[in-house]
Amino acid sequence: MKVISIINYKGGVGKTTVTFNLGAELAKAGKNTLLIDFDGQGNLTKFAGIEKENAIKENIVDVLNSIMANQELRNDPIHRVKDNLDIITCDIRKEYWSMNAMSAMGREKLLKKYILTLREKHNYDYVLIDNAPSVNLDFQNALVASDEYLIITEPEVASSDGIFTINKVIEQIKNEFNKDLKSAGVIINKVQEKTNFHKLMKEVIKISWGEDVYIFNTLIPKAIAIPESEFESLSIGDYSPKSKAAIAFKKLSEELLSKGDQ
């Protein structure tokens, strides 16, 4: 089971979009995949259509509260999205949990404790954690619990902001809690291929993140079909399978899988 945190310090770069669509494509490729919504806004939950159903009262917040209270976990709040694709949901209560967790013992390892139980009870190939744009305790928990982190960025000047902050926190986590944490690479999202400025920014991003960081060859285009698919609670591959965006996400999953096999 490979656990990957989807991150960026900047909001609006499309972390949730990538998490949902990459997970959907991994599922189509036959990989048993779990999505974890780890953002109090709950957008990943909405994209998966769970909020509309009101099918699950318990979510990741309840699990973490039980762990903090040293209570035995009952049922895992896992919901089936489609074949090979499950999700653990989140809601606004996550923000209150974050404040309460600041005084908890071993506060950086709370999510890791739950991930360990998932490893024992389930046969997931991939777990993708969608994170809020921050470097707070939630971010630390996600990285401590992960095998790899996947950076989502876009070809804009502001996307290079905060790189030093992220890298500093990542290094601290590697030194203190998770020495085996590795970079899965950088995905460039919302690309307009015919824009010269965007072509220039691709090179800037490569320089900003460093020579040793893998830059995915697959670029995710900016497309109106993506927010349309999210409104319908469908992956872009199900909503518009022949679109450039759907083809890009399929190639992205193939690149991630081939990279993992190397």
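Predicted model: local features only at pLDDT ≥ 70, side-chain atom pairs only at ≥ 80, totals over all residues.
The largest nonpolar core contains 34 residues, and Leu22, Leu150, Ile187 and Leu252 are the ones with the most contacts inside it. The element that gives the most to this core is helix α12, residues 244-261, with 7 residues.

Next, turn to strand β5, which covers residues 126-131. How many of its residues are buried? The count is 6 of 6, so strand β5 is largely enclosed by the rest of the structure. You can check this face by face: Tyr126, Leu128 and Asp130 are buried on one side, and Val127, Ile129 and Asn131 are buried on the other. Notice that Asp130 and Asn131 are among these buried residues.

Strand β5 also has pairing partners to look for. Strand β1, residues 2-7, pairs with β5 in the parallel sense over 5 bridges, and Val3 stands opposite Val127 of β5. Strand β2, residues 33-38, runs parallel to β5 as well, and 6 bridges join the two. Within that pairing, Asp37 has Asp130 of β5 as its bridge partner.

Now for the charged side chains. The model has 14 salt bridges in total, and several are worth a visit. Start with Arg93 and Asp62, whose side chains meet at 3.0 Å, N to O. Arg93 belongs to helix α5 and Asp62 to helix α4 (residues 60-68), so this pair links distant parts of the chain, 31 residues apart. With a relative accessibility of 30%, Arg93 counts as partly exposed.

The salt bridge between Asp76 and Lys121 also has an N to O distance of 3.0 Å. Asp76 sits in the loop between α4 and β3 (78-82), while Lys121 is in helix α6 (residues 110-121), so the pair ties together parts that are 45 residues apart in sequence. Are its two ends buried or exposed? Asp76 has 18% relative accessibility and counts as buried, because the cut-off for buried is under 20%. Lys121, at 46%, counts as partly exposed.

A further salt bridge joins Lys94 to Asp138, with the closest N and O atoms 2.4 Å apart. Lys94 lies in helix α5 and Asp138 in helix α7 (residues 137-145), so here the parts tied together are 44 residues apart in sequence. Both Lys94 and Asp138 are buried. Elsewhere, you can find a network of salt bridges that links Glu25, Lys28, Lys82 and Asp238.

Which residues make the nonpolar surface patch of about 360 Å²? They are Ile92, Tyr96 and Met99. Met99 is placed in helix α5, residues 93-101, the helix that also holds Arg93 and Lys94. Met99 has a relative accessibility of 54% and therefore counts as exposed, whereas Lys94 is buried and Arg93 is partly exposed.

Technical notes. Residues numbered from 1 in each chain as written. Heavy atoms only, no water. Core = buried A, V, L, I, M, F, W, Y, C linked by side-chain atoms within 4.5 Å. Buried < 20%, exposed > 50% of the residue type's maximum accessible area, 1.4 Å probe, protein only. Helix = DSSP H or I, 4+ residues; strand = E, 2+ residues; numbered from the N terminus. Patch = residues over 30% accessible without salt bridge, like charges linked within 9 Å, V, L, I, M, F, W, Y side chains within 5 Å. Areas by Shrake-Rupley, 256 points an atom, 1.4 Å probe, with all protein chains shown as cover. Salt bridge = Lys/Arg side-chain N within 4 Å of Asp/Glu carboxyl O. Pairing = 2+ DSSP bridges.
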